[in-house]
Every structure is written in C-alpha cells, then in structure tokens.
Amino acid sequence: MTLGSGGSSVVVPRNFRLLEELERGEKGIGDGTVSYGMDDGDDIYMRSWTGTVIGPHNTVHEGRIYQLKLFCDKDYPEKPPSVRFHSRINITCVNHETGVVEPKKFALLANWQREYTMEDILTQLKKEMATPHNRKLVQPPEGTYF
Amino acid sequence: MIPSSTTSLAMDDVHRSSDSVKVESTINYYSDGFDDSEDPLFLSDDDFVGDDDGAADALLEDIKEDEIDLLKQKQQDCKILSTTELRQRMEQDVAQVSSVLSVSKFEASILLRNYNWSVSKVSDAWFTDESAVREKVGLLVKTVISCGIVSNKRKIIICGICFESHTSDRIRCADCGHLYCEICWSIYISTSINNDGAGCLMLRCPDPSCHAAIGQDMIDSLASEEDRKKYSDFLLRSYVEDNRTTKWCPAPACEYAVEFSGADGIFDVTCRCLTSFCWNCEEECHRPMDCETVRKWISKNSSESENVNYILAYCKPCPNCKRPIEKNHGCMHMTCRVCRNEFCWLCLGPWKGHMNCNRYMERTDSEDKRKKMAKESLEKYTHYFERWDANRKSKLKARADHQRVKDEEFKKLSLSQDIPEAHFEFISKAWLQVVECRRALEWSYSYGYYLPDNEPAKKQFFEYLQGEAESTLEKLHNCVESELKEFLDVDGLSKKFSEFRTKLVGLTTVTGDYFEKLVRALENGLSDVNSHGTKGLEEEVEDCWCCDRCTYANPSSIRSCKVCGSLNIDNVNE
Amino acid sequence: MANSNLPRRIIKETQRLLSEPAPGISASPSEDNMRYFNVMILGPTQSPYEGLGSWRSPSTSSCGVVETGGVFKLELFLPEEYPMAAPKVRFLTKIYHPNIDKLGRICLDILKDKWSPALQIRTVLLSIQALLSAPNPDDPLSENIAKHWKTKEAEAVETAKEWTRLYASGA
C-alpha cells in the first residue's frame with residue numbers, strides 16, 4: 001500500500017507524510033532487508049535520512065550492507081528526495097565518483113509520483129542490484145565509502 | 001528382585017482409589033478407557049483369557065465406538081462446544097438475565113459482556129446496586145425527550161457529526177438522546193467494528209461526555225451485513241474468551257471451545273479435534289507436572305538449548321561398530337543394521353540384560369569441586385533433557401504410527417487375518433496407551449530433574465516407579481510396533497494372532513496401571529515415601545512374582561498370571 | 001483541485017474557527033489544502049509556556065501580535081477519515097513538555113483511542129492548550145523530560161520557561 005494516497009482527493013501534507021514514513025520505518029519493514037531512519041531526531045522538518053539495503057541473494061551483492069543518504073527537501077513528496085549511496089557500489093544507475101543515484105538512469109526517480117515513498121526507492125534499488133546487467137558487476141571492496 | 005514389592009503396592013493403590021468418585025475421572029485419562037468397569041473385556045478376571053475368539057469378538061463388538069465417544073466418556077469434567085452450541089448457550093444466558101432482571105435482551109447482553117458472561121455476577125451486582133451497574137456499563141433509563149423529537153418527522157435536525165440538516169426520521173440516538181444522522185451512525189459503527197477489534201462490543205455514544213452503551217439492536221439496524229457478521233463473531237469470541245469457564249482449543253484450525261468445570265488441579269482436556277492440552281496453561285498435557293514447573297522447564301530448555309543441541313541430533317554411533325544409526329522407531333530397543341548389535345538408544349548399553357537406564361548416576365570423581373559441580377549440573381540437566389526429548393519424539397512418532405496403522409495396516413490385516421477392521425480396536429487402544437505413556441514419561445523426566453537431591457528416598461522411589469513403568473512401556477511399544485508386522489502378510493487366522501491379541505491387551509492394561517501409579521505418586525509429591533527411608537519398598541519382596549510375558553506382578557498365591565494367563569515359570573519348574 | 005468535495009462539516013468548522021476563534025487559539029487553513037491548518041496557541045497564563053512580557057488578550061487576526069513569547073506554532077491535518085478518525089496535530093515550535101516529543105508529536109488521549117466524531121478541531125486545540133497548563137509526566141512521550149519533571153519539577157519548569165523564551169518568541 002502506498003502511504004498517504006487513499007485514492008481520493010485528500011492530499012497528505014509533507015510533514016505528516018514524513019511522520020507516517022518515520023513510524024512505518026520504526027516498526028520495521030517486511031523481511032528487514034530494507035530499512036531507513038531519520039538522521040537528526042531534532043530536525044523538526046525531517047530532512048536527512050539514512051537508508052540501508054542488504055544485497056539480494058544470488059548476486060555479487062549478496063550479504064553486503066549498503067548505506068544510502070536520502071534528503072527530503074521542502075518540496076517532498078511532490079519532488080523526489082535526492083538519493084546517494086554512502087557505501088561504495090558499482091551499479092549502472094549510480095555515479096561512480098559521487099555515489100549519487102542518477103534520476104535519468106533510475107526510472108522511479110525519473111517518473112516520480114507523490115505516492116512513492118523512501119521505502120519504494122530502497123526496494124527498487126535492491127531489485128536494481130539483481131538485474132542481469134548489475135548482478136555480476138565487479139564490486140569495490142566491502143566497507144569502503146564514497 | 002526388587003520389582004515385585006512395589007507392584008503389589010501399585011495394585012493396592014489402584015484398587016483403593018477406584019472406590020472414590022474423584023479418581024474415576026482422573027484414572028480414566030491414563031488408561032484410556034480401559035478401566036471402564038462396564039467393559040468386561042478389561043476386567044482382570046482370571047478366566048477371561050480362557051475364552052478364545054468367540055467371546056472376545058462379541059465383546060469387541062461392544063467396544064466398537066468412535067474415538068469421540070471414548071473421549072466423551074473419559075472427560076466428565078469438560079465439554080466440547082461447537083460454534084452453534086456456543087451461540088445457543090450465549091442466547092440462553094442472555095435470555096436468563098433478561099428475564100431475571102426485566103431488561104431487554106440487548107441490555108442483558110451488554111450486562112453480561114461487562115461481567116465476564118457470568119449470569120450470577122450480573123444479577124449479584126444488579127440487585128446490590130442497580131444504578132451503579134447502569135452507570136458502569138452505560139445502560140441509561142430511556143429519555144422521553146429524545147423519543148419525542150424523533151417521532152416528530154417534520155422537524156429538521158442538524159447531525160452532530162456531519163453538520164448536515166436532516167429530517168428527524170433520518171436521525172437516530174441511543175438511550176441518551178444524542179442525535180446523529182443514520183449515515184454518520186453507520187460509518188461510526190463500521191469504523192469501530194473494523195478498527196477496534198473486540199473493542200466494538202463496548203461501543204458508546206459518540207458524544208464524548210456521554211457513555212451510553214450502543215447495543216446490538218442499534219448495530220443490527222445500522223450496520224452493513226458484513227459488519228453485522230463481524231460483530232456477531234466478536235460477540236462469540238468474547239463469550240468464550242472472557243468467560244472464566246471456557247477456552248478455545250489451541251489447535252490452529254480448530255473451531256471448538258472447551259468448557260471446563262473440573263477441580264483437583266488436573267486440567268488435561270482433549271478437544272473433539274483430538275488435540276490434548278492443559279486447560280490451565282494451554283501447553284500440551286503435562287501430567288504429572290504442575291503448570292508452574294512446566295513453564296520453568298520450557299524456559300530452561302530454551303536457554304540451555306545451545307548446550308544440548310547435540311542431543312537433538314537424530315544420529316548416534318552404534319556402540320559396537322561405531323557406524324551412525326538413525327532412530328526411526330519409537331521404542332528404545334535398537335538393533336544395528338550392520339553388526340546386529342542390540343542396544344538401548346538412551347544409555348547405549350547392551351539391550352540384553354538391560355534393566356533400566358532411567359536412573360541418574362552421580363559421578364564421584366574428585367576434581368576441582370566447583371568445576372565438577374558446574375559440569376555435573378549440566379550433565380544432570382542433559383540426562384533428564386535427553387530422556388524428556390526422546391520420549392517426546394517417541395510420542396509424536398507413536399501418534400503418527402497409530403494414524404498410519406489405522407489408515408493402512410488395518411485393511412491389510414483385515415484381509416490377511418479375515419477379521420473385520422472393527423476388531424482391531426485393541427490395537428488402536430494399545431497405540432493410544434503408548435502415546436499417553438510416552439507423554440507421561442516425557443514429563444516424568446522433567447519432574448525428575450526438579451526432584452530435590454536431598455531426599456534420596458523419594459528419588460529412589462521415583463526412579464523405581466519410573467523404571468518399572470518405562471520397561472513395561474518398552475515392552476508394549478515393541479509389541480505393538482514390531483510384533484504386529486508379522487501378521488500383515490501371513491494369510492489365515494493363525495492361532496498366533498489370538499495369542500498376540502491376548503498379549504497386547506494384557507500389556508496395554510498393565511502399562512496403563514503402571515503409569516497410573518507413577519503419575520498419581522508424582523502428583524501427590526511422592527508422599528507415600530516416609531522420610532526415614534524406603535522400608536516399605538523392601539518388605540513384600542517375597543510375596544509377588546512378575547509375569548514373564550506381561551510383567552504383571554501377581555500375588556505368589558496365584559500360579560497363572562492374572563492378566564495374561566501365563567503360568568509362573570519359576571513355580572512350574574519347582 | 002484538492003479541495004473539491006470538502007465535507008460540509010469541515011467547511012462549517014473552518015468558518016466558525018475563523019469567525020469565532022477560541023481565546024488564545026488561531027487556526028487557518030492553508031491556501032492550497034483546506035484540510036491542512038496553520039495553528040497558533042498562546043501559552044496559558046500561570047504556565048511555564050506563557051509569554052514573559054505582559055500581553056493583552058490576543059488579537060483575532062491570524063498573524064500573532066504577541067511578541068513577548070509564549071506563541072506556539074502547530075500544524076494540523078484532517079485525514080480522509082475525519083471526523084471518524086482524529087485530526088493529526090503536531091508542534092512546530094520546540095517545546096519542553098513531558099507529553100510532547102522532539103518532533104512535536106503530542107501524547108493526548110483524544111488524539112488516539114479517546115477520539116470521538118463528536119469532537120472538533122476547536123475541542124482538540126483547547127485540549128492541547130489545557131495540556132500545556134497541566135503536564136502529565138505519568139503518561140510521558142519524552143521519557144527524559146518526564147523524569148526531570150518528576151524528580152526536580154522546579155528545575156524542569158525553569159527549563160520549559162527558558163525554551164519558551166528561546167523558541168516561542170513569536171518572531
């Protein structure tokens with residue numbers, strides 16, 4: 001289910017939408033291979049987040065723990081958050097120099113809709129790691145960062 | 001020989017106890033209906049073995065009953081209730097309160113819900129202080145004003161929730177007179193039914209200062225059919241769960257509830273779905289252990305699990321040839337396929353001459369004392385846990401075996417022996433007895449673990465009873481597991497088969513007796529042991545002899561076994 | 001537009017909030033989302049959250065005029081299920097209170113299980129104002145503040161006053 005949609009004309013404002021996402025993240029999502037939390041518990045505008053993705057099975061990423069930084073600006077969720085990998089990774093949609101997930105190469109960000117959530121981004125990135133063109137790429141050493 | 005003395009004790013006890021009513025219901029559990037005194041086959045008549053198939057067959061006709069009927073017989077303290085029966089009971093209780101208190105059925109239902117569905121508690125409280133009860137549960141005396149407003153159909157009223165104007169015929173209220181439109185009412189009710197779980201049964205008027213209860217009459221007239229169904233399911237669940245005398249059967253897919261009225265601290269019940277559980281703590285049946293110790297034992301097992309993990313492995317090396325052996329039968333008598341070595345699964349000692357290995361031998365090495373004690377405490381725990389766990393697995397295996405035998409082998413047997421399947425009830429009973437005894441034996445090992453070390457007499461008595469019970473059980477288990485196989489493929493009603501029946505029936509009864517004795521002794525805290533020692537144990541050694549075939553202890557005055565009719569070989573030889 | 005099909009109840013509540021505001025409380029819907037309200041609550045007198053200077057009865061205009069402190073900004077949202085579900089409210093101004101956490105979330109029974117559709121935005125805001133007068137450290141949202149409140153109340157009250165001065169100046 002997508003948070004804050006409900007299929008009606010009711011629009012959940014940014015802050016309440018982020019509070020919903022925060023509570024969902026605190027409860028824990030699915031099998032735990034994707035998680036996220038707020039960086040600064042004092043930031044009333046809930047801008048900086050850290051996401052974690054555990055690499056999917058049967059790929060070179062299996063068992064690796066990837067950390068990401070997500071930044072939700074004032075225009076979230078009308079606009080997508082900026083997303084970049086903190087842990088080094090080699091997949092096609094991630095800039096090799098900066099770790100930024102490039103919207104042009106990652107459809108979810110390119111075709112962003114306000115119903116999408118940070119969970120959707122992380123889950124989609126996990127799927128991305130398992131695609132044929134990503135699953136066997138040579139990876140930087142574990143534990144290195146951008 | 002030690003055994004005979006206590007066996008005679010056992011007999012005395014059983015005879016003594018069957019006089020009292022209290023024991024009837026408890027005894028039955030252990031012997032699985034065998035001691036039903038109206039069932040002549042299982043009376044220990046001296047001559048019953050004599051009459052061969054004719055009489056026995058006739059008797060078997062009589063026993064031919066559903067297992068359900070057996071359960072009904074043996075569980076007088078509890079009643080299994082289907083959803084339909086539960087609804088009927090609930091309606092009866094509501095009707096009773098309604099007529100005694102002169103309130104509507106809806107009000108009666110609200111009252112009962114607030115008092116754990118106890119008719120007597122409701123009426124006690126009501127007749128003590130009616131207005132306090134009304135206040136507590138939200139039953140107001142109907143207001144005349146509100147009804148007046150509602151009856152005037154032309155009047156326009158603004159709903160307190162949606163703020164829309166409605167004609168008064170679209171407006172509803174509870175007994176408090178707070179007016180809301182039908183649409184808001186139905187959304188209000190639906191929101192509660194779908195979000196508050198059983199909380200919807202305690203629904204009150206939306207006005208925050210008012211706590212008038214919303215009864216089923218309002219629900220029925222305002223909620224959708226789907227919501228009404230949910231509400232009525234919540235009501236039934238409350239009837240079972242809030243009621244102090246009923247509980248749902250804990251089996252996952254089972255819809256029966258169990259009503260329990262027993263006392264005496266014996267809580268074992270069996271549902272119509274054949275799940276047995278302790279009514280008090282909802283764990284599986286654990287006689288002779290009490291619920292508190294069971295809880296301790298289970299939590300100990302989970303905290304010790306790392307230390308004893310190796311025990312859970314299904315394989316052990318053959319003590320002779322060291323090849324790994326997997327245990328796939330229920331009884332502890334193992335035969336290595338490779339070297340034909342026979343040994344006991346538990347102590348790995350040779351089976352020949354194997355008596356009992358249930359006794360925990362304390363080591364007397366003189367090592368560093370503390371280290372030794374720590375090691376011994378783990379060793380002690382491991383000893384008991386291993387046996388507890390082995391019997392548990394053996395129980396589950398026996399349960400599965402019984403099912404398989406009923407489903408597959410009875411047919412084969414019926415063909416090969418030319419006997420109707422109904423006549424194999426005695427085999428079923430033997431299996432049920434095995435399951436029941438494995439279960440009791442399982443818990444007796446947990447009991448043994450908690451037996452204080454400073455009461456050696458009790459410990460000795462306990463180990464004695466347990467050893468006796470265990471070795472008869474091994475015989476019974478082996479008999480029903482292995483000896484039956486011989487008849488599967490052999491055609492014709494062999495004389496051997498009727499001998500087998502006699503033996504199995506005898507073993508079943510005897511094993512039941514031994515376990516009844518064991519369980520009852522443990523349940524009363526081994527209080528038969530006087531604190532000075534085990535004198536009572538050794539006194540009557542000479543007065544009994546143990547039947548070679550079924551191990552029944554007979555008074556030495558009798559020459560053939562009371563149970564299976566075998567002659568006392570020692571006696572014959574003389 | 002997001003505000004089509006706005007239930008009559010919400011329209012009526014909004015009109016009344018604007019025309020007859022409760023004392024010390026202002027609430028006005030945001031322009032692009034009629035279910036989203038900007039709220040200001042004045043810290044009640046005799047509480048650590050009151051304005052430090054002497055101030056007159058608050059103006060009814062939506063912009064706060066009290067500059068001496070004790071002006072708390074909140075945001076309120078009416079979810080789709082409203083009024084069957086409670087409004088969502090939180091403080092935007094930092095506040096030192098045992099029932100309010102760092103993100104401004106409020107622990108108040110009528111916002112949770114005690115919600116009733118007969119309650120309104122006005123009653124919710126009045127209850128929040130009352131919560132400022134009567135903190136309840138036995139049912140805390142911020143464990144640390146509640147502990148502080150229970151062990152050294154005077155000191156905790158001082159901190160609350162300090163925070164009011166620092167963050168709730170209304171500027």
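**Strands, loops and confidence in a predicted model**

Reader: Between which two helices of chain B does the loop holding Leu526(B) lie?
Author: Helices (H or I, at least four residues) and strands (E, at least two) are taken as DSSP runs numbered from the N terminus. On that basis, Leu526(B) is placed in the loop between helix H18 (495–523) and helix H19 (535–539) of chain B.

Reader: How is the model numbered, and what pLDDT do local features need?
Author: Residues are numbered from 1 along each chain as its sequence is written, while chains are lettered from A and ligands numbered from 1 in the order in which they are written. This is a predicted model in which totals for chains, interfaces and linings use all residues, side-chain atom pairs count only at pLDDT 80 or more, and local features need pLDDT of at least 70.

Reader: What average pLDDT does chain A have?
Author: The score pLDDT is the predictor's confidence in each residue, from 0 to 100. In chain A, residues 1–7 stay under 50, and for this stretch the model has 12 contacts beyond four places in sequence, a contact being two residues whose C-beta atoms, placed from the backbone, lie within 7 Å. Over the chain, 95% of the residues score at least 70, and the average is 89.

Reader: Is Leu526(B) buried, exposed or partly exposed?
Author: The backbone of Leu526(B) has a positive phi of about 55°, although this residue is not a glycine. Most residues other than glycine have a negative phi. A residue counts as buried if 20 or more other C-beta atoms, placed from the backbone, lie within 10 Å of its own, as exposed if 12 or fewer do, and as partly exposed in between. Leu526(B) has 18 C-beta neighbours inside 10 Å, so the class is partly exposed.

Reader: Is Met46(A) buried or exposed?
Author: Met46(A), in the loop between strand E1 (34–38) and strand E2 (48–54) of chain A, has a positive phi of about 50° although it is not a glycine. Around Met46(A) there are 20 other C-beta atoms within 10 Å, so the residue is buried.

Reader: Which residue is the bridge partner of Val39(C) in E3(C)?
Author: Strands pair if DSSP finds at least two bridges between them, and seven bridges join strand E2 (residues 33–42) of chain C to E3(C), the two running antiparallel. Five of the seven residues of E3(C) (residues 71–77) are buried, so this strand is largely enclosed by the rest of the structure. Within E3(C), Val39(C) is partnered by Leu74(C).

Reader: Which residue of E4(C) stands opposite Glu75(C)?
Author: E3(C) and strand E4 (residues 88–91) of chain C also pair in the antiparallel sense, over four bridges. In E4(C), the residue opposite Glu75(C) is Arg90(C).

Reader: What is omega for the cis peptide bond from Tyr82(C) to Pro83(C)?
Author: Most peptide bonds are trans. In chain A, a cis bond joins Tyr76(A) and Pro77(A), with omega about -5°, and Pro77(A) lies in the loop between strand E3 (65–71) and strand E4 (82–85). In chain C, Pro83(C) is found in the loop between E3 and E4, and for the cis bond from Tyr82(C) to Pro83(C) omega is near 10°.

Reader: Which strands stand at the edges of the open sheet in chain B?
Author: This sheet has three strands in the order E1-E7-E6, with antiparallel pairing. Two of its strands each have a single partner strand, so one side of each is left without a neighbour in the sheet; these are strand E1 (78–81) and strand E6 (246–248).
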